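Let's take a walk through this structure together. Have the sequence and the 3D view open as you read.

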Amino acid sequence: MSVEAMYQEIILDHYRAKHHAGLRDPYGAQVTHVNPTCGDEVMLRVALDGDTVTDVSYEGVGCSISQASTSVMSDLVIGRTVPQALELHERFTEMMHSRGEVEPDEEHLEDAIAFIGVAKFPARVKCALLGWSAFKDAAVQALAGETTKEF
Amino acid sequence: MSYDVELIRSDFPILERRVGDYPLAYLDSANTSQKPQVVIDAMVDHYERHNANVARAMHVLGAEASAAFEGGREKVGAFIGANRAQEVVFTKNASEALNLAAHTLGATLRPGDEVVISVMEHHSNIVPWQLLCARTGATLRWFDITAEGRLDLAKAASGNLINANTKIVSIGWVSNVLGTVNPIAEIAAQAHAVGAVMVVDGAQAVPQLTTSVADSGADLVAFTGHKMVGPTGIGALWGRYDLLAALPPFLGGGEMIEIVKMTGSTFAPPPARFEAGTPPIAQAVGLGAAADYLHELGMADVAAHERTITEYALKSLGQVDGLRILGTTEIGPEGRGGAVSFTLATVDGLDIHPHDVMTFLDSRGVAVRGGHHCARPLHERLGITASTRASFYLYTVEREIDQLIEALDYTRNFFGRAA
């Protein structure tokens, strides 16, 4: 696996022009996640309507892998229910921990399969997971908030 | 004898390694240095023939191990220009040495007292002082930097940074990011004028400069073994003996005591007072061998080589389009450390993140560091989140710099391909 193959065109495209970037209102929960060893940071907000993700907005600093992965993730989860989005998180995490040895699940992960190459570089796996982990944290918090609202 | 860098390289087995299809270009020596065969051999020989605990083991091996351990202390003390070996306290690294300084010096701090550091410090010379100030109610203040990456002495003077309330000043001798050599003696004089203690983080200085701690103006100097061709697991705090003798213990345990009773204990004189438990014995032997090795090369020649190779790197990096060097791009009269940090952008101005740069360089055999280099406040002050750092040492050669430049050009073109 060459380093060039890890940096697929789609990753560079998302790095150049991040989708859904910027922090927006309203939101149900906001979290900040960091990779202390490398200094990558993301502040991320999730807005829900019932259990449907209506918006993911974020501001972050970091490498092309972490930035592009957050961008691709936001494309994938917006419009889905929280359980569906968390299932995608599971699938993506599993792919990233596969050392690149699984057939990527294009049906579910769509553009996110571009990160399969990153799974071959253990030092960079956490970069690809940063935005996804922040989303999971915020989505769970936001969902808890929605539930409280109903009662 | 002239400085023969190729001959010196043959002392370091790891430098023969290849990474994939490329020869290794190890440009991360500010992170940790590589080790010559004599250091590796000294530690192996110690474990094979002389291993025992020190001080408390009374048998032949114990005596040999104790002599070897204290021999390491003597070599290190002589290497840094200490007045006596007992001024060298072994720790596990420079961070522990700075924590030792903060804990012991800070034992008497009170609200209203001030501790002065700088914005260019490594986290290990920031966080222990933050923790100390949080414990005692003392105030942490710091030097800013100028546009050239030097300490802003004028701003400090006009802002009365070092004043009658200042109890401790702790400054890095050589910046691990910018390579700036700070005017330690001048700042020490200011500290001493108000009765403050001068602590120096020498982690990047002791490996590269001819060091005379006794003449530096500092009261305490922290440094580490693994950056000066020695092993990991050992560092040191040098201190003026009268100051060390006045300080309370740091960690409690075996070997740091005089008499222990259930109602209280009395403590050993320095350096034992600060070395609780079984110390890093083989590491002290290795560090002693490292000090011998550097002494035989001659630190004046090591420093001259560092200057030559850093000059070559600054010139070469200065010719890479889209590359911006942090801090000073010239070697001033005060000298410059062998660490050069920079940012890189594509032809259309896209910042290539240091981790991406590092990954690409690594794939072409070039080992550098990308990130904030444990100096996040400095990067924030410079308005960036991270940088790429190439750092050089006594074995670095021009062809490694050339390999770096080629890899940087390649990286820049790769990320600029969509532009």
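A residue is called buried if 20 or more other C-beta atoms lie within 10 Å of its own, exposed if 12 or fewer do, and partly exposed in between, with C-beta atoms placed from the backbone. This is a predicted model, in which local features need pLDDT of at least 70 and side-chain atom pairs count only at pLDDT 80 or more, while totals for chains, interfaces and linings use all residues. Residues are numbered from 1 along each chain as its sequence is written, and chains are lettered from A, ligands numbered from 1, in the order in which they are written.

Cys374(B) sits between β17 and α12 of chain B (helices, H or I with at least four residues, and strands, E with at least two, are DSSP runs numbered from the N terminus). With 19 other C-beta atoms within 10 Å, Cys374(B) is partly exposed. His373(B) is in the loop between β17 (369-371) and α12 (376-381) of chain B, and it counts as buried because it has 25 C-beta neighbours inside 10 Å. Their backbones are worth a look too: phi of His373(B) is positive, near 50°, though the residue is not a glycine, and Cys374(B), not a glycine either, has a positive phi of about 55°.

Now turn to chain A. Its 3 strands make an open sheet in the order β1-β2-β3, with antiparallel pairing (strands pair if DSSP finds at least two bridges between them). β1 (29-35) and β3 (52-61) of chain A are at the edges with a single partner strand each, so one side of each has no neighbour in the sheet. From one strand to the next, the twist averages 20°. Strand β2 (residues 40-49) of chain A runs antiparallel to β3(A), and 9 bridges link the two.

Helix α3(A) lies across β2 and β3 of chain A, at about 170° to β3(A). Axes here are lines fitted to C-alpha atoms, for helices over the stretch in contact, and angles run from 0 to 180 degrees between N-to-C directions. Which helix packs against α3 (residues 64-77) of chain A? That is α2 (residues 9-16) of chain A, at an angle of about 85° and with the axes 8 Å apart. That angle makes α2(A) roughly perpendicular to α3(A) (65 to 115 degrees; under 35 is roughly parallel, over 145 roughly antiparallel, and the rest oblique). From α2(A), the contact uses Ile11(A), Leu12(A), His14(A) and Tyr15(A), and from α3(A) the residues include Ile65(A), Ala68(A) and Val72(A). Contact means that C-beta atoms, placed from the backbone, lie within 7 Å.

Between α2 and β1 of chain A there is a loop that holds Pro26(A). The peptide bond from Asp25(A) to Pro26(A) is cis, with omega near -5°.

Next comes chain B, which is divided into domain 1 (39-295) and domain 2 (299-415), with bounds from an automatic or database domain assignment. Taken over C-alpha atoms, the centres of the two domains are 29 Å apart. Their contact takes 24 residues from domain 1 and 23 residues from domain 2.

Chain B also has an open sheet of 7 strands, in the order β4-β10-β9-β8-β7-β5-β6, with mixed pairing. At its edges are β4 and β6 (139-143) of chain B, which each pair on one side only. Zoom in on β4(B): 4 bridges tie it to strand β10 (residues 235-239) of chain B in the antiparallel sense, with Val89(B) opposite Leu237(B). In a regular strand the side chains alternate between the two faces of the sheet. On β4(B), Val88(B) and Phe90(B) on one side and Val89(B) and Thr91(B) on the other are all buried. Val89(B) has 27 other C-beta atoms within 10 Å, and among the residues it touches are Leu100(B), Pro270(B), Pro271(B) and Phe274(B). Pro270(B) and Pro271(B) are joined by a cis peptide bond, with omega about 0°.

How do the two chains meet? The contact takes 15 residues from chain B and 14 residues from chain A. On the chain B side, α11(B) gives the most, with 5 residues.

Key:
Two residues are in contact if their C-beta atoms, placed from the backbone, lie within 7 Å. Lists of a residue's contacts leave out its neighbours within four places in sequence.
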